[in-house]
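Q: I'm new to this one and would like a careful walk through it. Could you show me the structure before we start talking?

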Amino acid sequence: MIRLIVRRLLWFIPVFFVVTGITFVTMHALPGGPFDKEKTPPAMVQQMENAFGLNRPVYEQYFIWLGNAARLNFGPSLALRGKPVAGFLLPGLAVSVQLGIMALLFAFAVGLPAGIIAAYHRGRWQDRTATLVAILGVSIPAIVLGPLLVWVFGLWLDWLPVAQWEPLTEGFWPWLSHLILPAITLGAGISAIVARLTRASLLQVLNEDYIRTAHAKGLPRQLVTMRHALRNALIPIVTYIGPLTAAVITGSLVVEQVFAIPGMGRYFVTSITSRDYPMVMAVVVIYAMVIVLANLSVDILYIFIDPRISDAE
Amino acid sequence: MRKFLWLVPILGLLLVLAAGCTAAPAPAASTGDAAPQAASGEPITVRVSTIAEPSTLDPNLAEDTYSITPIEQLFLGLTNLNNETGVPEPELAESWTVSDDGLTWTFNLRKDAVWSDGNPVTAKDVEYSVKRAVKPETASPYAYVLYLIKNAQAINQTVLPTDTYDIDTLGVKAVDDYTVQFELEAPAAYFESISSMWTLRPVPSWVIEEFGDAWTDPANIVVNGPYLLKEWKPAEQLVFEKNPTYFKKDDVQIDRVELDVISDQNTELALYESGDIDVAGDNAGSFPIEALTRIRSDATLSAELHEGPRASTTYVGFTMTKPPFDNVLVRKAFSAAIDRATMVKDVVGTGVPATQFAPKGIFGAPDPEVGIASDVEQAKAWLAEAGYPDGEGFPTVTYRYFSSTLEEALAQALQAMWKENLNVDVQLESMEFPAFLASTAATVPVEEMPEMWRLGWGADYPDENNWVYEVFHCTDSQNRPCAECTEADELAKAAGRETDSAKRIEMYRQVEEMMFGDEVRVAPYYHRGFTILAKPYIERAYPAFAPPNWDTWRVNQ
Amino acid sequence: MLNSAAQNATAAAPLRRPRSLLRDTLQRLTKDVFVVICAVYLAALLVIAIAPGVFAPVGYAVTDFPEKFQPPGTVATQGTLAGHTYWMGSDKLGRDILSRLIYGTRVSMAVALMGASISFVIGITYGLVAGYSSKHVDNFMMRIVDIIYAYPTLILIILLQVYLTTLAQKPPDEMGAFGQLVVTIDNASGGLFFVFVAIGVVSWLNMARLVRGQTLHYRQQEFVQAARVVGAKDQRIMGRHLLPNIIGPCIVAETLAIPTYIYTEAFLSFIGLGIQPPLPSWGSMIADGYGAMRTAPWVLFFPAIALSLTMLAFNFLGDALRDALDPKTRK
């Protein structure tokens, strides 16, 4: 396993160069620059671009960036003048990770049992109901579900805060209460995927021979499910959720907007639409790292779930 | 039992969630009508929202309203725009005089103003700030408003590092500790308005030299305004507290202001309804029509809604060099075919119909408005006169706008009005904002330009010079419509140098009439409005032309 | 155990198959009334999508500003639509939601079906090849997936959009051969070509990972090894033995991704890549309606219901299809 981890981390190096290179070049090919505003005269824009070295050839700027990145200096933001991008991204990432983990917890806490129940009662009302709820979960986008939850639980019932963020240092309940609605909004779609995938792969696995054998040996049903079937059924879920996890824990623009949460997700979009080049690059690097780690974790999980896969490595 | 063990963790989690929902201590009941700080001795706190994070708190670098609002509370201007009238009044400067030739402006500063670290605020600080804003290294986006100061343009446009400049040739000088003098390139009556702007507010040179870019961090910043910056949590909140060294600190009632970053207007509204914020909509565009419709039909909310004009205009730009819009009759027809009253009432939901560029209240803006009024019959007649009776033979043209929910609605409404009133087909084209700007710049070759596009303007300082001259002058501005120079441009320039107010007003009336009534360089169709919700216990002004002054706000106990 | 492996290996093979795969599948599907209802619903949508003009009471672009936010059942009293009944209410520009919903069917169905097909075909092929190849090839292919994953697609989308709009302003003879081809294809697809491209670039990544993971799992199993022993070619093993075993979760995952495509289209159109307003799509109607949730819920409700019902139909049909295709539940 150590070899797998080392090899995968080494693979990060080419991934890093290709992703940052392509991003850098295409980003600079976008029309408009960070200082183009409705009102700023072109001569001023030129002046500011010179001051930030944006008039140099793109490859030169890329090498300068690489040099700084090697020293973990991702530069000042261009849109948020003079502030280091890390000062925005790191606190944002910390918030997004907490929210993302809660969303995943919710997704699995709801999705797994729903999927198992649906599989056992295949074709009957429990199955249909689970499917119905799951489909609503993926069909209703966060931009609708979020405000709906805010309206019902925040304003009408007044059980939970409407929006905004409280750090854990302000106490457990303030922290949790501010997390519940956004986590449900973020996790709803994933829980639906978990439920539906669990059902599908459980049905598949339940028909396989070792399960039949286990039944034949007279093992109790739930035990068979847990020990044998679920373990194998988890493979597609883990595979599918792996990269999704990366997306979830790095934040979602929509959920952050609806709940006024200072996460990192907003920078995926705003950095591009404000042509904040250093911010775009830092976001891409963080995201690439999280992706590689998430996929590595998935492959390590395979080893535990299905030892035969590790033979392939 | 063992076989159900696997359910335990799942049930446990659900239980925690459920318990959290029901058995939770009810969140501190904050009903809408009572001021949140009933107990005496507690600091009076007001929570305000902003739709976007300030991009900087450095006065020399600020350019957007989200930065200017907090800067207004932290740093004093030479003058202040009165929140009720929009007229410049003394702030740091007690008085000011202009020489007879209109070229030398002398400001006498008050002597009791101090920085929050105890240093006195002197004329040297003003001089330092103006020089810093103009220096090319600073890369200040608003340096151009200072170009009326002697040598400012030459210094600011120095190409570094090949060329050099001498900052001491800049027309600003601290005569003594409390007198600062400006030399202008040409007479400019509007310099009084400019002196209220953030770009030339004094900044603490010793702090900037010590901390560099980080000087505006809460730990380092030194200010001279009514409020101090206590905290700045990125993308979340800025906290301000009353400045004990402010010379009028006894006039400041509110001890603490929290500026929450809430980027979604529906969320902003929900937080206002739940009592989490006291003022909503102050640092944002007007509420979307959906929200406005609901606010107006709600007894409580409608009573707390404050509306009025913002010094800002939205217009349709024409590519005047591209057929068929090279024909002034076509431009007139398209301008007259816009049903401005409906736009304001039903599509935007607030604002004022516009036929001229600068809104009422800007110095020099004609009152009543000049330009082309909405008139369907006249529009049809003009289009027929241009050779397209009932839209016959008119090519399909493109209207380009930038991706925004409001702009999308406006574009569709324009399209429908042109179709219904002129029987012409207009294609809509949405673009992401920076790409949109780049694609409609004056430098874009005409064959790549759309025939029509969306633009807007908001006041930097309340004077017509900032409007007709700085936006549409054929050579001295960006001149996005690519208009050729006419008498109107000369007049706009001359009006800026005129010192007699009555004459200036008349000159600007003519410029507005020529540019938007005769030549129709663009079709202004509405002046934007603000929609602000404030709890009944908040007593404050609703300025149209300036950022709000929190130090004048009151919380009624 | 070997016994079962052989059974698996031959399950999908034509040798012992008494009936055709298609007829068998159809027979299994039509047994369930629920499935038939879903199929009829989807067929009806298809008809509406092909000829929306026949069903829509008024045009999708007809505005009536003073009649904005009218609740369902209101009869318009003023303006261009005076006398018209808003069966599903009116939106913020006073347009008929029912008509817009009907016209929006075409774009949304096209995006749903095309998006799903593109992602399905690319994702399954890529994932199968990666999972079945040597670990070095697999590693390389999956790192490419990582790279595309980490690349901010919004940049590509904006670039495409700018390219297209610049092209659109030019007269045909200045476009160049490639430009003309692009414009022709884009027009032929009703302005959706680049939406398909943008969806195609990213949507297959999850599918590829899913298929690859499943392939890794099944390639070690006895029936695959048995097939290899009897000398089956790689393509045959992938297509005939692996694919039927892994396709269940893939269908489920794919149907669940459809709303993503529909909302992606709405977002792309919003920033200018795709169809332009006032042409509606369900996705853009929902994205437009969320702000009216508390003012005029019908603006949001009807398109959301239409989308959810369609998703339900797709999913129940997908379930049934999965059951019908599963080699192990076949006789």
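**A first look, chain by chain**

A: The secondary structure of chain C comes to 13 helices and two strands, where helices (H or I, at least four residues) and strands (E, at least two) are DSSP runs numbered from the N terminus. This is a predicted model, in which local features need pLDDT of at least 70 and side-chain atom pairs count only at pLDDT 80 or more, while totals for chains, interfaces and linings use all residues. Residues are numbered from 1 along each chain as its sequence is written, and chains are lettered from A and ligands numbered from 1 in the order in which they are written.

Q: What does the C-alpha trace of chain C span along its principal axes?
A: The span is about 80 × 55 × 35 Å.

Q: And how much of chain C is buried?
A: Of the 331 residues in chain C, 50% are buried; a residue is buried if 20 or more other C-beta atoms lie within 10 Å of its own, exposed if 12 or fewer, and partly exposed in between, with C-beta atoms placed from the backbone.

Q: How many residues does each side bring to the contact of chain C with chain A?
A: Chain C brings 49 residues and chain A brings 56, two residues being in contact if their C-beta atoms, placed from the backbone, lie within 7 Å.

Q: Which helix of chain C gives the most there?
A: That is helix 13 of chain C, with nine residues on the side that touches chain A. The residues of that side of chain C divide into 30 nonpolar, eleven polar and eight charged, counting Ala, Val, Leu, Ile, Met, Phe, Trp, Tyr, Cys and Pro as nonpolar, Asp, Glu, Lys and Arg as charged, and the others, Gly among them, as polar.

Q: Switching to chain A, how is it divided?
A: Chain A has domain 1 (2–70) and domain 2 (89–312), with bounds that come from an automatic or database domain assignment. The centres of these two domains of chain A, taken over C-alpha atoms, are 32 Å apart.

Q: How many residues are in contact between them?
A: In chain A, 16 residues of domain 1 are in contact with twelve residues of domain 2. Helix 1 (residues 2–29) of chain A gives the most to the domain 1 side, with eleven residues.

Q: Last one, in chain B: why does Ile194(B) count as buried?
A: Ile194(B) counts as buried because it has 25 C-beta neighbours inside 10 Å. Ile194(B) lies in helix 5 (residues 191–194) of chain B and, leaving aside neighbours within four places in sequence, is in contact with Val145(B) and Tyr461(B).
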